[in-house]
Amino acid sequence: MLKNIFALCLCFGLCFGAFDEEASLFQALDLQESGKLREARDLYLVLYDETKKREYLKESILLGSLFEQPKIVLSYIKDYQALTRNQWDMEISKVLLDVYMKTGDVSNALKTAKKIQAKEDSPEIHNILGVIYLTQGDKKKAISEFEWLYETLGTQESLQKLLILLEENNQYARAVELLDSYLAENPCESEFCQKALQFYAKGLQTQKIEALLKKRYENEPNIQNAQSLITLYTFRQKYKEALEIASLYPFDPQLLIGLYVGAKDYKNASKSAFEIYNNTKNSLYLCYGYLYQFETIQKTDVQQIKKLLNDMQQAVSLLEKDSVLNLQQREFAIFYNFLGYILIDYEFDIAKGIQYANKALQIEPNESAYLDSLAWGYYKQKQCAKAKEIFQKIPQDQRENDQDILKHSQALQSCD
């Protein structure tokens, strides 16, 4: 065992004098305080070997549980239980429960959890019991535990677990009732709000939450309630309503850009992106500014398209110098594809456009829009077989439902 090996390593130093328990204890405490848990654990084992005091064995178990393999911890716990004749110890019992959970020993985990609950009825133990019952497939008992948790804590996390279980157990009405009650009193914070909206959407009840959040915002028009209502409006694609509220508060300009794009207000989306660039000199927003600007100009104005293309190429070059590619891969793919498609579609430089499309595909190989651009480039070069081969990689539902891809599909059919 590790304790015997460690003891042998210390033998040379210890054999020249009596074992100094106090000095060794202070050394163990120093190691523990400095974060050297393994060394501290080993020294507690030496202390136990030398003194046979069970408190040292206990301390080694508590420390070992933080890093040691569960089966090794379990062997030390059995030694401790034999030493104490199974006398109850809350700390050791909690470590034992953790070991059973980690090793998948659900039966013993449940027995141990119930013993702990009888002595200490805490939210933590109810949460563990809920997980154990779920593992056993006993959803009724799991729901009971998570209901206790929510009633006691009233947190988003506990409510979220309970909602999922109630829905799975065909208690959707009860789940909605709890969610209604929670949102009537608490803000709909971003991540939780998205999940709540999806939950309501399953029951086609998004109008209900809209009315609830709107009423709360009207009663208390603050930034937190505004954020909740904006999230709801964005989910329901009511971008104009979201913009009306967002414009009243100092939200991150990126939020406004997203809302402008959702509302297809590309003029203001482009303007906002350029403003962010002017304030931050982050060339990512310069690229987005030109991307949105393209949507505002006449597609037949070739000279203006050429100017924008040149501006965009310079912006992307600047972004390449300023950025680490791996940190903004998706954005680079978007911009490369944009440049490639314009070069191909307007036949400014089809070969160069194909190069850009391939660069986008190196980042996102299965993106339909990028495959479409590449196939369109080969079509423009009269390489019909190659164009069709690339085009077949696009999922059929997108070939049939995306208007631009459908148009290209029809053109390819007559390409020989």
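# Pockets, a cavity and a helix pair

The lining of the largest cavity is made up of four nonpolar, two polar and two charged residues. The model discussed here is a predicted one.

Colleague: Which residues line the largest cavity?

Modeller: Let's start with the helices: α4 (54-64) and α5 each supply at least two residues of that lining. The space inside comes to about 40 Å³. The residues that line the largest cavity are R41, S60, I61, G64, E68, I72, V73 and Y76.

Colleague: Now for the open spaces. Which helix supplies the largest share of the lining of the largest pocket?

Modeller: Happy to walk you through it. The largest pocket holds about 990 Å³ of space, and 33 residues line it. Helices that each supply at least two of its lining residues are α16 (253-262), α18, α20 (329-345), α22 (368-380) and α25. The largest share, eight residues, comes from α20.

Colleague: Which residues of that lining lie nearest the centre of the largest pocket?

Modeller: By class, the lining divides into 17 nonpolar, six polar and ten charged residues. Nearest the centre of the largest pocket lie L291, E295, I334, N337 and F338.

Colleague: What about the second largest pocket: which helix gives the most to its lining?

Modeller: This pocket has a volume of about 330 Å³ and a lining of 18 residues. Two or more lining residues come from each of α5, α6 and α7 (106-119). The lining divides into seven nonpolar, seven polar and four charged residues. With six residues, the helix that gives the most is α5.

Colleague: N86 is listed for that pocket, too. Is N86 buried or exposed?

Modeller: N86 is among the residues nearest the centre of the second largest pocket. Its place is the loop between α5 (70-84) and α6 (90-103), and its phi is near 60°, a positive value in a residue other than glycine. Exposed means over 50% relative accessible area. Because its relative accessible area is 58%, N86 is exposed.

Colleague: Where does K281 lie, and what is its relative accessible area?

Modeller: K281 is a residue other than glycine with a positive phi, near 60°. K281 is found in the loop between α17 (266-280) and α18 (283-294). K281 is exposed, and its relative accessible area is 53%.

Colleague: Let's turn to a helix pair. At roughly what angle do the axes of α23 and α25 cross?

Modeller: Two packed helices are described by the angle between their axes and the distance between the axes. Here the pair is α23 (residues 384-391) and α25 (residues 403-413), with axes that come within 11 Å. The crossing of α23 and α25 is left-handed. The axes of α23 and α25 cross at roughly 145°.

Colleague: Which residues of α23 and α25 make the contact?

Modeller: By class, the contact of α23 with α25 has four nonpolar, three polar and one charged residues. From α23 come A387, K388 and F391, and from α25 come I405, H408, S409, L412 and Q413.

Notes
Residues numbered from 1 in each chain as written. Predicted model: local features only at pLDDT ≥ 70, side-chain atom pairs only at ≥ 80, totals over all residues. Heavy atoms only, no water. Axes fitted to C-alpha atoms, helices over the stretch in contact; angles between N-to-C directions. Helix = DSSP H or I, 4+ residues; strand = E, 2+ residues; numbered from the N terminus. Left-handed = near helix turned anticlockwise from the far one by under 90°. Contact = heavy atoms within 4.5 Å. Nonpolar A, V, L, I, M, F, W, Y, C, P; charged D, E, K, R; others polar. Buried < 20%, exposed > 50% of the residue type's maximum accessible area, 1.4 Å probe, protein only. 1 Å grid on protein atoms, 1.4 Å probe; cavity = no way out; pocket = protein on both sides within 12 Å on 5 of 7 lines; lining within 4 Å. Points joined across faces, edges and corners; volume = space filled by probe spheres on them.
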